[in-house]
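Here is a short tour of a protein model for someone just starting out.

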2 protein chains.
Amino acid sequence: MDIRTLQAEINQSLDALNYGEHPQELYEPIRYIMSLGGKRMRPLLALLGYALFEPDYQKAMNSALAVEVFHNFTLVHDDIMDEAPLRRGKPTIHEKWNANTGILSGDVMLVQAYELLLDIDNQHLKRVIRKFNRCAAEVCEGQQLDMNFETRDQVGEDEYLNMIRLKTAVLLGYSLELGGIVANASEASTDLLNGFGVNVGVGFQLMDDLLDVYADAAKFGKQVGGDIIANKKTFLLINAMKRAKGKTKESLEHWLSLKEFDKAEKVQAVTEIYNELGIKTLTETKMNQYFDTGLEQLAAIEARDEAKNVLRNFTVQLMNRDR
Amino acid sequence: MDIRTLQAEINQSLDALNYGEHPQELYEPIRYIMSLGGKRMRPLLALLGYALFEPDYQKAMNSALAVEVFHNFTLVHDDIMDEAPLRRGKPTIHEKWNANTGILSGDVMLVQAYELLLDIDNQHLKRVIRKFNRCAAEVCEGQQLDMNFETRDQVGEDEYLNMIRLKTAVLLGYSLELGGIVANASEASTDLLNGFGVNVGVGFQLMDDLLDVYADAAKFGKQVGGDIIANKKTFLLINAMKRAKGKTKESLEHWLSLKEFDKAEKVQAVTEIYNELGIKTLTETKMNQYFDTGLEQLAAIEARDEAKNVLRNFTVQLMNRDR
């Protein structure tokens with residue numbers, strides 16, 4: 001069992017899904033967005049969560065697809081709200097068609113996620129759907145908080161950590177837990193799996209915040225400094241605002257207040273302020289706390305050694321992305 | 001057991017629902033839209049569907065609330081797509097807040113509908129959710145077809161009947177069937193209940209088409225002729241286009257092509273064309289066919305006499321709205 005094989009099997013199973021046909025204006029956008037690829041991280045975690053306890057991970061495939069379809073539903077609706085033109089380098093649904101198509105096709109995708117969950121045995125079904133509902137509502141809460149923060153002057157560190165937990169981490173936790181439940185794992189184990197996913201999920205988001213500023217431009221898929229240019233209240237900016245004093249504070253506030261500026265100049269100036277304030281180390285320390293807590297939770301799960309190593313290595317590899 | 005008591009109990013139960021608190025930007029719009037009232041037709045049908053077989057209809061209350069929350073979710077998203085400013089005489093969510101709020105609060109409402117369905121016993125849960133998923137996807141298909149028809153030159157009668165079946169009737173059928181399933185009714189009975197709901201649902205929509213043109217203005221809540229003013233391809237217009245010949249056809253096409261016109265004049269002119277072509281009788285005949293088929297299906301269900309009479313009388317009363 002290796003990650004590439006699992007990814008290939010997930011993609012095969014996704015390709016074989018019948019989302020629906022008529023009217024094609026409703027179903028074509030679903031096929032489009034689902035075909036854009038991506039790492040398929042969430043279904044991978046669901047299969048790996050299952051494989052910790054049982055070898056025949058194909059039995060968890062439909063549950064794994066459910067979280068991938070759900071995740072893509074959130075992307076479709078979030079992209080409308082964020083007016084994002086591109087997703088994985090291709091036009092978003094609302095750009096290629098229109099916002100109404102994005103709303104309605106997204107709605108059907110959410111329904112289809114529930115349909116895929118129905119593959120689960122009756123004994124686990126109610127628990128799985130109850131936890132899925134909680135997770136889905138939390139993802140929406142995270143998106144709402146993210147939008148709220150855009151128009152607020154100040155956001156606290158704890159508020160920010162809670163927002164990224166809801167918006168991105170809880171679904172990673174749920175995906176792993178789901179796999180465990182389908183494999184009949186004990187509640188102690190599935191709770192640990194959920195905690196592991198949530199903690200490394202928050203860590204990954206902090207890593208994204210770091211990479212935005214400190215990534216190697218040659219290897220980074222996006223423009224370095226995009227968050228700085230947009231004044232996005234990331235973990236870095238929130239802490240810089242808190243730590244900055246005197247001239248440094250004036251300078252930071254000056255750059256944040258400018259309506260027109262040279263992008264490269266602003267990125268360089270704000271990065272220098274971050275460096276002066278030790279923001280990189282601060283963020284790395286916080287990120288590593290989340291990673292460590294998560295890995296401890298994984299270590300505490302009694303599971304099949306081979307699968308546990310695959311999951312551990314996969315996660316650790318993601319923790320060491322170039323930065 | 002009478003309708004007003006049931007409606008009062010539904011409203012009480014809705015008022016007691018805890019949709020969520022934080023962030024309030026997400027949950028306040030849900031409380032707002034759910035508090036705007038309405039006939040609560042769908043939860044009523046769910047309770048009546050249950051009461052056909054068992055007296056303690058309170059046991060079906062959460063299922064009944066699920067279809068009401070789902071219905072309101074579709075209204076929130078449809079109102080964004082249709083750019084509707086008002087719902088039940090009050091500002092729509094996207095008007096009172098904004099479209100993003102409407103999208104995201106609507107998403108959470110769909111999740112909450114599933115959560116309410118989890119009140120159902122494990123033995124029925126998978127079947128209930130599978131049928132709910134089918135119904136929910138069909139409602140989205142109906143909305144997509146409705147939007148498609150707006151920009152099409154021609155729509156066939158069968159296409160139109162299929163669209164209104166999907167957009168509005170299948171949820172009435174599902175609501176009744178759901179009540180029956182929760183009451184452990186036989187599949188033969190719940191199939192008949194579904195058919196009854198779908199048939200009277202299509203009939204009600206045809207009645208709406210008729211009322212738009214032939215309602216008593218003093219008793220009608222909306223502007224008489226709204227569909228005519230908007231060139232809406234209702235059952236009436238679709239059939240008038242098919243039947244009109246020579247000068248009548250020219251006149252109808254003339255009114256449809258005008259960008260600027262006196263509203264009252266257009267309504268009067270098109271209504272006269274409908275009268276000349278016998279469109280009212282044609283539509284009434286079709287509507288009554290659906291009503292009759294539905295009532296035959298209801299009659300064929302073996303059920304408690306009292307509840308069956310309440311359901312029958314309620315439906316027949318709705319069939320005889322002033323027109």
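## A proline in a loop

Let's start with A:Pro23, which sits in the loop between helix H1 (3-16) and helix H2 (24-34) of chain A. Helices here (H or I, at least four residues) and strands (E, at least two) are DSSP runs, numbered from the N terminus. The peptide bond leading from A:His22 into A:Pro23 is cis, with omega near 0°. Over in chain B, B:Pro23 lies in the loop between helix H1 (3-16) and H2, and the bond from B:His22 to B:Pro23 is cis too, with omega near 0°.

A word on what you're looking at: this is a predicted model, where local features need pLDDT of at least 70, side-chain atom pairs count only at pLDDT 80 or more, and totals for chains, interfaces and linings use all residues. Residues are numbered from 1 along each chain as its sequence is written, while chains are lettered from A and ligands numbered from 1 in the order in which they are written.

## A glutamate with positive phi

Next, find A:Glu83 in the loop between H4 and strand E1 (86-87) of chain A. Its phi is near 50°, a positive value in a residue other than glycine. Is A:Glu83 buried or exposed? A:Glu83 counts as exposed because it has 11 C-beta neighbours inside 10 Å. (Buried takes 20 or more other C-beta atoms within 10 Å of a residue's own, exposed 12 or fewer, and partly exposed is in between; C-beta atoms are placed from the backbone.)

Now look at chain B, where B:Glu83 is in the loop between H4 and strand E1 (86-87). B:Glu83 has a positive phi of about 50°, although it is not a glycine. With 11 other C-beta atoms within 10 Å, B:Glu83 is exposed.

## Where the chains touch

Which parts of chain B touch chain A? In total, 32 residues of chain B are in contact with 32 residues of chain A (contact means C-beta atoms, placed from the backbone, within 7 Å). On chain B's side, helix H2 (24-34), helix H4 (61-81), helix H6 (99-117) and helix H7 (122-150) each supply at least two residues. The largest share, 15 residues, comes from H7(B). By class, the side of chain B that touches chain A has 18 nonpolar, eight polar and six charged residues. (Ala, Val, Leu, Ile, Met, Phe, Trp, Tyr, Cys and Pro count as nonpolar, Asp, Glu, Lys and Arg as charged, and the others, Gly among them, as polar.)

## Helix pairs across the interface

Two packed helices are described by the angle between their axes and the distance between the axes. Helix H6 (residues 99-117) of chain A packs on H7(B) at an angle of about 165°, with the axes 9 Å apart. (Axes are lines fitted to C-alpha atoms, for helices over the stretch in contact, and angles run from 0 to 180 degrees between N-to-C directions.) That makes H6(A) roughly antiparallel to H7(B); angles over 145 degrees count as roughly antiparallel, under 35 as roughly parallel, 65 to 115 as roughly perpendicular and the rest as oblique. Among the residues that meet here are A:Leu104 and A:Val108 in H6(A), and B:Ala136 and B:Cys140 in H7(B).

Helix H4 (residues 61-81) of chain A and H6(B) pack at about 160°, with their axes 9 Å apart. That makes H4(A) roughly antiparallel to H6(B). A:His77, A:Ile80 and A:Met81 of H4(A) make the contact with B:Asn100, B:Ile103, B:Leu104 and B:Asp107 of H6(B). By class, this contact has four nonpolar, two polar and one charged residues.

## Inside the chains

Within chain B, the axes of H4(B) and helix H8 (residues 157-182) come within 10 Å and cross at roughly 165°. H4(B) and H8(B) are therefore roughly antiparallel to each other. Follow helix H9 (residues 187-214) of chain B as well: its 28 residues reach 40 Å from first C-alpha to last, close to the 40 Å expected at 1.5 Å a residue (the expected span is 1.5 Å times one less than the number of residues). H9(B) is mostly covered, with 23 of its 28 residues buried.

In chain A, helix H11 (residues 235-243) has A:Phe235, A:Leu236, A:Leu237, A:Ile238 and A:Ala240 buried. The cover over the buried residues of H11(A) includes helix H8 (157-182) and helix H14 (279-299) of chain A.

Definitions and conventions. Contact = placed C-beta atoms within 7 Å.
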